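User: I am new to reading protein models. I would like to ask how the labels follow from the values. Can we start once the structure is up?

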Amino acid sequence: METQKVWNNFNEELFFFILKKVKNESATNDIFQNTFLKIHKKLHQLENDEKVRAWIFQIARNEIANYFNKESVYLPSANLQNETALEKYQSICCFDKFVYELPDIYKKIIELIYIKGLKQKEAAEMLEISLTNVKARIRRAKDILKQKFNECCKYEFDKDGKLIGESNCSICKS
């Protein structure tokens, strides 16, 4: 297994995993960088390539713990955290517009999980639906959002179905 392959397969998922735990984009970037540095340095020690995902997420958890142990971080109130998460997503081209246009069942789940930062299980309990249903709604909402980003902003999809490229959006340029 090569570092580039690990990066291609896990970088986005790992970044959002760290962000969800730390709730600070600057700290997330530092932890993310340290995590990949350790992955690169110690990849030769990985004996079973099938366990790479668990291995890299354990490195990330250790880096997160190191961060909190070193920094003695003050966590702001929940409202401030929610506003920070919302600001992060609002900077994405047309994000507000596309989320607002989602059907209500998908819009609510996106707001609860990605903007308010709830865990999927908490969102399921709040909406009184199954965890499986929450996951299905997230998947469908993401599919709708990807389609809208592709149509409006001219993003492209990579081989894994993830959005890549720069925005070429007529709405944002006007």
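User: Why is lysine 107 called buried?

Analyst: This is a predicted model, so every value is computed from it. Lysine 107 has a relative accessible area of 16%. Buried means under 20%. The value of 16% falls under that cut-off, so lysine 107 counts as buried.

User: What makes lysine 107 and aspartate 104 a salt bridge?

Analyst: Their side chains meet at 3.5 Å, N to O. The limit is a Lys or Arg side-chain nitrogen within 4 Å of an Asp or Glu carboxyl oxygen. At 3.5 Å, this pair passes, so it is a salt bridge.

User: Is aspartate 104 buried or exposed?

Analyst: Aspartate 104 is exposed, with a relative accessible area of 58%. Exposed means over 50%, so the value of 58% qualifies.

User: How are lysine 107 and aspartate 104 placed in helix α6?

Analyst: They are 3 residues apart in α6, which covers residues 104-115. That separates them by about one helical turn. An α-helix has 3.6 residues a turn, so residues three or four places apart point the same way.

User: Which residues in α6 are buried?

Analyst: Tyr106, Lys107, Ile109, Ile110, Leu112, Ile113 and Ile115. Just after α6 comes glycine 117, with a positive phi of about 80 degrees.

User: How many salt bridges does a search of the whole structure find?

Analyst: The search finds 4. One of them joins arginine 53 and glutamate 13. Their closest N and O atoms are 2.2 Å apart. The limit is 4 Å, so this pair passes too.

User: What does the pair of arginine 53 and glutamate 13 tie together?

Analyst: Arginine 53 lies in helix α3 and glutamate 13 in helix α1. The pair therefore ties together parts that are 40 residues apart in sequence.

User: Why is arginine 53 called partly exposed?

Analyst: Arginine 53 has 41% relative accessibility.

User: What makes lysine 148 and glutamate 101 a salt bridge?

Analyst: Their closest N and O atoms are 3.0 Å apart. That is within 4 Å, so the label holds. Lysine 148 lies in helix α8 (residues 131-153) and glutamate 101 in helix α5 (residues 95-101), so the pair ties together parts that are 47 residues apart in sequence. Lysine 148 is partly exposed at 22%. Glutamate 101 is partly exposed at 38%.

User: How do you know that α1 bends?

Analyst: The computed bend is about 60 degrees, at phenylalanine 10. α1 has 20 residues, and its end C-alpha atoms are only 24 Å apart. A straight helix would reach 28 Å at 1.5 Å a residue, so α1 falls short.

User: Which residues in α1 are buried?

Analyst: Val6, Phe10, Leu14, Phe15, Phe17, Ile18, Leu19 and Val22. After α1 comes lysine 23, whose phi is positive, near 60 degrees.

User: Which residues touch the most other members of the largest nonpolar core?

Analyst: That core has 22 residues, and Val6, Leu14, Phe17, Ile18, Val22, Ile39 and Ile56 touch the most other members. The elements giving two or more residues are α1 (3-22), α2 (25-42) and α3 (52-71). α1 gives the most, with 8 residues.

User: What does leucine 14 touch, not counting residues up to four places away in sequence?

Analyst: Leucine 14 touches Phe32, Thr35, Phe36, Ile39, Ile56, Phe57 and Ala60. There is also a second, separate core of 19 residues, including Ile110, Ile129, Ile138 and Cys152.

User: Why does threonine 28 count as buried?

Analyst: Threonine 28 has 0% relative accessibility. Buried means under 20%, so threonine 28 qualifies. Threonine 28 lies in helix α2. Leaving out residues up to four places away in sequence, threonine 28 touches Phe15, Ile18, Leu19 and Val22.

User: How many helices and strands are there in the protein?

Analyst: There are 9 helices and 2 strands. Along the sequence the pattern is α-α-α-α-α-α-α-α-β-β-α. Of the 174 residues, 32% count as buried.

Definitions and conventions
Residues are numbered from 1 along each chain as its sequence is written. This is a predicted model: local features need pLDDT of at least 70, side-chain atom pairs count only at pLDDT 80 or more; totals for chains, interfaces and linings use all residues. Side-chain values use heavy atoms; hydrogens and water are left out. A nonpolar core is a set of buried Ala, Val, Leu, Ile, Met, Phe, Trp, Tyr and Cys residues joined through side-chain atoms within 4.5 Å. Buried means under 20% relative accessible area, exposed over 50%, partly exposed in between (1.4 Å probe, protein chains only). Helices (H or I, at least four residues) and strands (E, at least two) are DSSP runs, numbered from the N terminus. Contact means heavy atoms within 4.5 Å. The bend at a residue is the angle between axes fitted to the seven residues ending there and the seven starting there.
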